[in-house]
Each structure stands twice: as C-alpha cells, then as structure tokens.
Amino acid sequence: MQSATGDQSNKIFTPQTTALFAMGFLAYIGMGIVAPALKTLQDSFEVSSTEIGLFVASFGLARLVCDLPVGMYIDRINRTVLLLAGLIGLSLGAVIAGSAPTDNFLMLLLGRFVMGAGSSFLNMTALVHLTQVTNRDVRGRVVGVYQTFDLAGNFLSPAIGGIITAWWSWHYAFYFCALTTFLAAILVLATRGTRQERPVTPESRPGLRTIFGSPRNSESLISSWGILALNYASFTMFVSGQGFMTTVVPMFGGAALALG
C-alpha cells in the first residue's frame, strides 16, 4: 500500500519523514531535562545517591520491559496509534513526576518509569517505520537525519532543564517535557494522512528484506553474530551514557563541585 502522497520512498524529506523528524525533535527537547536537576531532586526528596540512581534506572527498566513486546507487535498495530501511545506516555509520565510531592519518592519513580515506557513505544515505532517506508539507497540517510533531529533536541534539553530548574523549580522542568511531547502528539495526529499506517511487506517493496524472516544463508541482511555485536554496542553506549554521563557527572558536579 502506498502512502497518501504516493511512493516517495527514494526521497529523504517527504511529508511522512519530515513529520517524524519534527516529532523526534519535540520529544527529545523535553526528554533530557532530568540530568541537570538530579542534585536538586536529591535535596528536595532527601534521598541517597543510590535512590537517585534508581530513579534514573527506572527509565531504562521500562525500556527493558517494553522494547521486546513493542517490537513483536509493531507490525500488527496502526503506526499513528503506537506513536501517540509513546508520546502520551512520555507526557503523562512527566506530569506524574512533576506533580510528585517531596515526601513521595515512589510517585517520582512511577512518573519516570511511565516516561521510559512511552519512549520505548516512540523510538521503536519511529525507527522501524522509517526503515520500512524508504528504499535502501536513502534509508541510512533518513535514519541519520532522524537521529540528528533527536540529538538536536537532546542537546538543547539539559540546558533548558537547568535554566527552568534554576529560575523556577524542577516541577516546571517536567511540565516543560509534558508540553513538548504533547505538542509532538498533536503533530503526529495532524499528519496521520501522510503516513502508511500499516507496515510495508518485503514483497511490496523491492530491496526491503527481513533479518529473521528469511532462511539461513539466503538474503538475510545480517548474521546472528552481527546482531549480537550491534546489541552489545548499544548496551555499552547506554551504560556509559545513562550510567555515567547523565548520572554520575551531574551528581558529582552538584555535590562535589557545587555547580548549579
């Protein structure tokens, strides 16, 4: 089935890809507001560094729980529904976390966990969709542009979160995340007519093949060992990024160096 705008699978910027690029930017510009507020959260809730680490880990735990089920059913559910589920989860989780009273650390954990679940729906759906609606010749560039928009939002997010936390409070930093993801949800809903809402099958698009769906030694794009290597690379990136750069570094800056 072709999209509402025709077959533009050999182009980088099409109505459906551009909508996802903008959606990724809006989602990520709010998703990284937590790091600069970690020390403030620790002081506000009067919890240990271990508990703050648990707060950060709750996001990844939700991804760990949700990624596999989402991946298993992603080709059976309307893509707009999945994207909206992810963005609403991010927005709802941010509201829950931002509304948590300082004597209820579990509510803060719950909000962050819901945000992680929403992130799982969003990232899985967007990446799979982009790879399925573009030809192999431009697929890498399309995913690269999407990641660039995500990283642009991620780059601005900590600075914005730090400013909001310093000028107002950490509550409003979470509410900012809720606002940006809600705007992204409106964008996804408004542009639903540009998307192929059902997955593209290998038979319907030349050059599109599955990884696990083809027999061994046939047209599989990558071996099982290659998949394992990619997964390990992803694992190490998240350990260094989430475990150190966005947890240990902000906490050390706030506690040991007295940085704002």
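Predicted model: local features only at pLDDT ≥ 70, side-chain atom pairs only at ≥ 80, totals over all residues.
**Notebook: helices, core and salt bridges**

I started at aspartate 43, which is partly exposed, with a relative accessible area of 48%.

**Entry 1: the partner of aspartate 43**

What does the side chain of aspartate 43 meet in a salt bridge? I found lysine 39 there, at 2.7 Å from N to O. Both residues lie in helix α2 and are four residues apart, about one turn of the helix. Side chains of opposite charge can pair when their charged atoms come close.

**Entry 2: the other salt bridges**

How many salt bridges does the structure hold? I get three.

One of them joins the side chains of arginine 63 and aspartate 67, at 3.3 Å from N to O. This pair sits in helix α3, four residues apart, again about one turn of the helix. I checked the cover on arginine 63 too: its relative accessible area is 16%, so it counts as buried, the cut-off being under 20%.

Another runs between aspartate 75 and arginine 79, at 3.0 Å from N to O. Are these two buried or exposed? Arginine 79 is buried, with a relative accessible area of 0%, while aspartate 75 is partly exposed at 39%.

**Entry 3: the overall layout**

Next I stepped back to the whole chain. I count eight helices and zero strands, so my sketch of the pattern along the sequence reads α-α-α-α-α-α-α-α. The protein has 260 residues, and 42% of them count as buried. I also looked at contacts between residues at least 6 apart in sequence: 80% of these join residues at least 24 apart. The accessible surface comes to about 13500 Å², and carbon and sulfur atoms account for 68% of that.

**Entry 4: the core**

In soluble globular proteins, nonpolar side chains tend to be buried together. I went looking for the largest nonpolar core here and found 44 residues in it. Met23, Leu41, Phe45, Phe55, Leu87, Leu108 and Phe174 have the most contacts inside this core. Two or more residues each come from α1 (15-31), α2 (38-45), α3 (49-73), α4 (79-98), α5 (105-132), α6 and α7. Which element gives the largest share? My note says α7, with eight residues.

I then picked methionine 23 and listed what it touches, leaving out residues up to four places away in sequence. The list is Leu83, Leu87, Leu122, Ala126, Tyr146, Ala184, Leu187 and Val188. Leu87 is on that list and also among the core residues with the most contacts.

**Entry 5: cysteines**

I searched the whole structure for disulfides and came back with zero. For my own reference, a disulfide is a covalent bond between the sulfur atoms of two cysteines. I looked up two cysteines anyway. Cysteine 177 is buried, with a relative accessible area of 0%, and cysteine 66 is buried as well, at 15%.

Last stop was the surface. Which residues make the nonpolar patch of about 700 Å²? I wrote down Val95, Ile163, Trp167, Trp168, Tyr172 and Tyr175. Helices α6 (136-167) and α7 (170-190) each supply at least two residues of it.

I zoomed in on tryptophan 167, which is found in helix α6. Its relative accessible area is 64%, so it counts as exposed, where the cut-off is over 50%.

Technical notes. Residues numbered from 1 in each chain as written. Heavy atoms only, no water. Patch = residues over 30% accessible without salt bridge, like charges linked within 9 Å, V, L, I, M, F, W, Y side chains within 5 Å. Areas by Shrake-Rupley, 256 points an atom, 1.4 Å probe, with all protein chains shown as cover. Salt bridge = Lys/Arg side-chain N within 4 Å of Asp/Glu carboxyl O. Buried < 20%, exposed > 50% of the residue type's maximum accessible area, 1.4 Å probe, protein only. Contact = heavy atoms within 4.5 Å. Disulfide = S-S within 2.5 Å. Core = buried A, V, L, I, M, F, W, Y, C linked by side-chain atoms within 4.5 Å.
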